[in-house]
Amino acid sequence: MKFKAEYNKIKNSAPQDILESQDTGELNKARARYIGRKGLISSLFKKLGEMSQEERPIWGKKLNSLKKEIESLIEKQRKKIEKDELKKEIFDPTLPVEHFKYPGRNPAARTMDEITSLFTSMGFGVAYGPEIETEYNNFTALNFPKDHPARDMQDTFYVDKDRLLRTHTSPVQIRVMKKYKPPVKLVAPGKCYRRDTLDASHLPVFHQVEGLMIDREIKFSHLKGVLECFTKKYFGGKVKTRFRPSFFPFTEPSAEVDISCTMCMGQGCSSCSGKGWLEILGAGMVDPNVLENCGIDKNKWQGFAFGMGVERIAMLKYGINDIRYFIQNDKRFLEQF
Amino acid sequence: MRVPIDWLKEYIKVEKSAAKIAEDLTMLGLEVESITEGKTGPVLEIELTPNRGDCASIIGVARELSVKYKYEMKYPHTKVSSSEDKMGNGYQLEIENNKCCPFYSVKLIEYVNVAKSSRWLRKRLEDCGIRPLNNAVDVCNYIMVETGQPLHAFDAEKIKGNKISVRKADGGEELLFLDKQKRKLNKDDIVIADGEGPLALAGVMGGLDSAVSENTEKVLLESAFFNPKNISRTQKRMGLNTEASYRFSRNVDPKWVLPSLYRAANMLKQECQGKPIPGHMNSGRVPQRKKKVSITADKVNGILGTHLSTREIKKYLNLLEFDISSEEDSKITLQVPSHRSDVEREIDLIEEVARVYGYDKVESSLPETTIESELLNTSDNFSRTEEILRACGYSESVTNTLIDKNLLKNMGLLDEVTPVEISNPINVGMNILRPGLLFGLLEVARYNINQKQKSIKFYERGPVFFMRNGEYKEHKQIAFVSQGGDFYQAKKTAISMLQGIKQEYSFKYHKKSALFDKKRSAVIEIGGVKAGELGCLKEMVVSEAGLSGKKFTGCFIYLETVKPEKTSDIKFRKWSQFPSIFRDISLVAPIGLTHFDIYDTIKKAGGGCLKEVRMYDMFIDDKIGRGKKSMTFELEFNSPEKTLHSQEVDRRIGKIIEKLEKEKGISLRKK
């Protein structure tokens, strides 16, 4: 009975041992263990002599076929191992694989999103307006005098007598103030159009983010506070912000806002034409005429507005030296953002 | 405007360095663009805002500095005669239109010796960016730069007759200008004319024929006040930006019109040994500015967020030459000086106070305010569609919204869509607003293929425009294109996008398509409404886009049809605790049936426990018969209440097959 038990044990364990062999060494060990000269099968063959005359040929046959089975299993596994080893031999963790390649964004769109979300995190809402605007919303309501040169066909695209492609995002201010009662606090991102010839610093179609905040006591000091917060968050804590008097028809007092040059840290370099400052946006207190044009009582409400060119900000932030890249959409450009 | 610092010193004491002066002027609102070294020392290049015509002169800039440094201004003094004396017999002056020209004056200088100017004068003019010509012209320019009042010198002997009129030009008149160009004049232009015709385009440029030359012996000097709006229109239309028009269009100081005339005459006496005839001639009246504006400290501080006292405010405004005309309680009423035509309201005065006080001194603070509620960013999920497209390997592009109408014409699209045309395009390549995004995307593809870039996949989100029933329509689209691939790959991307933003979509056969190959494309519906199209682009469209012979797939979706995801719509549902049973069925169906026909039949016959129906294999083979196709579906059955028995599932499958056979003529495939 001991013979039979041993036979079964070999029959059960051999396939497992063989199939679990991971390399030739292990497989050779398994081979020696089962069908080697001193292996388990050989030793059982030797024990055949202890069997009865009738049983001996039956078990002899069985042992032979088990040996063949094991041999073929070993051969199969050997082939598999050899194949695997061939693969393993050229294992190279530095080999390239086909992976997902970040296809990139257009930095104008990305920057516009970044600016917008920075202001929404400060509690600003988001408003949009049409790009085909009335001359009234784009100029008249914003206090542009009747003869203002910007209204000219030279500078502004018209689609008919009194409809044009908005030259700034400021008409969104008018639309919102006419529709909602103050207080309002919003940014308006979008495309703008100016009849400029395409060159390294002009695009006929570009992007702006407009800001507007109207309440009972919004002051120029708040305009400074909010925009300084923006420049610090967007360009980094070390950046300095400067407000200087300027002129826009729709704000009074008006300011031009500069940041210390991001290239030379205010020392003066070619990027800032030696001035140490870079102009980034225009702002001011909403002109009382504009409030009146929107049916808002200028004695009760006041506030500020600002507007920035998205491509310009992106150029300063990322060091892009030609605005035409933004509409060229070269993959090598997009992949960087 | 270029301002030599040396010249400023004639009117104020300046001890600061050029860099410091530049910074201080910039902080006062006169932005200094650059400092260069001129023949007389450092020269500032100032970029004037359109409201500050008062600073278009050395005196104007000096006045700003006198405010900043609290130095007293030394205005040049010139004696002006009370007009109309001897000279009155010489000419007959006539202003035809007082609105265009409220005041016109001339002064005659005889025995002039036209030659080169003195060196100091030439150097100063050169530093101001003005080319010296001859002493007569140089003197006029010098006084213009000094006081801001443009002057003109005529050769008096070239004036025919003795009548000088200031009038609108006739429609057909022409003038040969100083720059030797002949230009047509418009009815809106103001001209100075003699008996025969125009001598000069008022406020912009003189004529060549009446110009001072080496042979000139008598100079007639002109000083006038023209309507800034007329001058600005004329200079714009003619594209003639001259030193004179720059100043007239920004409003000159009426106070200086006559003194400038006399200053120039005095200078001509020195420079060209001329003999001015005493007195002058004039017509019209110098505009008087007697504007008064009131201001209170409360309002100043309420707008600026400062804590200025009435005393300080008065001090700042006095420095700017605003004189107090009355004071009651806290209200101060001030007389606006004649050079500040831009100051009309209290808010304008507040800006002046802020300027002198210093924008940098206004302390920043954050507003105490409510959070915007009405326009609060309702998270539209469009940015997620973009994230998904990028994850599918598409690069974001932003293309020009202005495109070429011919492109649409050549693609045969003008019957399909009426584009919005630009009345005044810069060039024909940008004469319409794009009616779709695919045109720009194909151009980006073309560019990148030329640049030997690989994996040509681009998307864009943005507005598109067209006309409908005579109205302008503006819609938001998202679109993508990919080189190569087939309809199904485009569909895969489109579904990834739509499913990512939880839309109910379906795909329908195209009846007709302008852009897509009808047999390889589909209409996308969202919630049963047409939302866009996708598939293989027509060969003609691709080749007109300059991509002949290349295969492109694409897709566009109108974002207005996309329902914004409301977080309030999301409700948690527990999934089934019991195992699903999966069964595969292979069917033989008529070739004309769509997947949806079969899917829908299975779904409807499957009952509540049929969770999913997934087709994973389809083929056509002679063995299954002509006009037939084989489709294999995996069906998943599940109940949230119990473990299903295999017999129940078998019964259900029996019903499904029965229905498929009866309604659609579909049978089980024999193995």
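Predicted model: local features only at pLDDT ≥ 70, side-chain atom pairs only at ≥ 80, totals over all residues.
User: Let's look at one residue. Why is B:K314 called partly exposed?

Analyst: Just count neighbours. B:K314 has 18 C-beta neighbours inside 10 Å. Buried would take 20 or more, and exposed would take 12 or fewer. The count of 18 falls in between, so B:K314 is partly exposed.

User: And where does B:K314 sit?

Analyst: In helix α10 (residues 310–319) of chain B. Leaving out residues up to four places away in sequence, B:K314 touches B:I324 and B:I332. B:G197, on the other hand, is 117 residues from B:K314 in sequence and 52 Å from it in space, C-alpha to C-alpha.

User: What makes B:Y111 exposed rather than buried?

Analyst: B:Y111 has 12 other C-beta atoms within 10 Å. You'll find B:Y111 in the loop between β5 (103–110) and α4 (119–127) of chain B. Its phi is near 50 degrees, which is a positive value in a residue other than glycine.

User: What about B:K502: why does that one count as partly exposed?

Analyst: B:K502 has 13 other C-beta atoms within 10 Å. B:K502 lies in the loop between α15 (487–500) and β24 (505–509) of chain B. Phi is positive here as well, near 55 degrees, and B:K502 isn't a glycine.

User: Now helices. Why are α9(B) and α11(B) called roughly perpendicular?

Analyst: Check the angle. α9(B) and α11(B) pack at about 70 degrees, with their axes 10 Å apart. Anything from 65 to 115 degrees counts as roughly perpendicular, so this pair qualifies.

User: Which residues make that contact?

Analyst: On the α9(B) side, B:K299, B:V300, B:I303 and B:L304; on the α11(B) side, B:E346, B:I350, B:V353 and B:A354. Sorted by class, the residues of this contact are six nonpolar, no polar and two charged.

User: Next, the sheet with the order β19-β22-β23-β27-β26-β25-β24 (chain B). What makes β19 and β24 its edges?

Analyst: Count partners. This is an open sheet of seven strands with mixed pairing. β19 and β24 of chain B each have a single partner strand, so one side of each has no neighbour in the sheet. A helix packs on this sheet too: α15(B) touches β23, β24, β25, β26 (529–537) and β27 (552–558) of chain B, and its direction makes about 30 degrees with that of β27(B).

User: How do you know that β24(B) and β25 are paired?

Analyst: By their bridges. Two strands pair if there are at least two bridges between them. β24(B) and strand β25 (residues 516–526) of chain B have five, in the antiparallel sense, so they pass. As for facing residues, B:Y509 stands opposite B:A522 in β25(B).

User: What makes β7(B) a partner of β10?

Analyst: Four bridges join β7(B) to strand β10 (residues 190–193) of chain B, and the two run antiparallel. At least two are needed, so four will do. β7 (residues 163–168) also has four bridges to strand β4 (residues 92–95) of chain B, and that pair is parallel. B:S165 of β7(B) faces B:E94, and B:S165 also stands opposite B:A193 in β10(B).

User: Finally, how many residues does each chain put into the contact between them?

Analyst: Chain B gives 67 and chain A gives 66. In chain B, α11(B) gives the most to the side that touches chain A, with six residues. By class, that side of chain B has 28 nonpolar, 24 polar and 15 charged residues.

Note on methods:
Residues numbered from 1 in each chain as written. Chains lettered and ligands numbered in written order. Contact = placed C-beta atoms within 7 Å. Nonpolar A, V, L, I, M, F, W, Y, C, P; charged D, E, K, R; others polar. Axes fitted to C-alpha atoms, helices over the stretch in contact; angles between N-to-C directions. Parallel < 35°, antiparallel > 145°, perpendicular 65-115°, else oblique.
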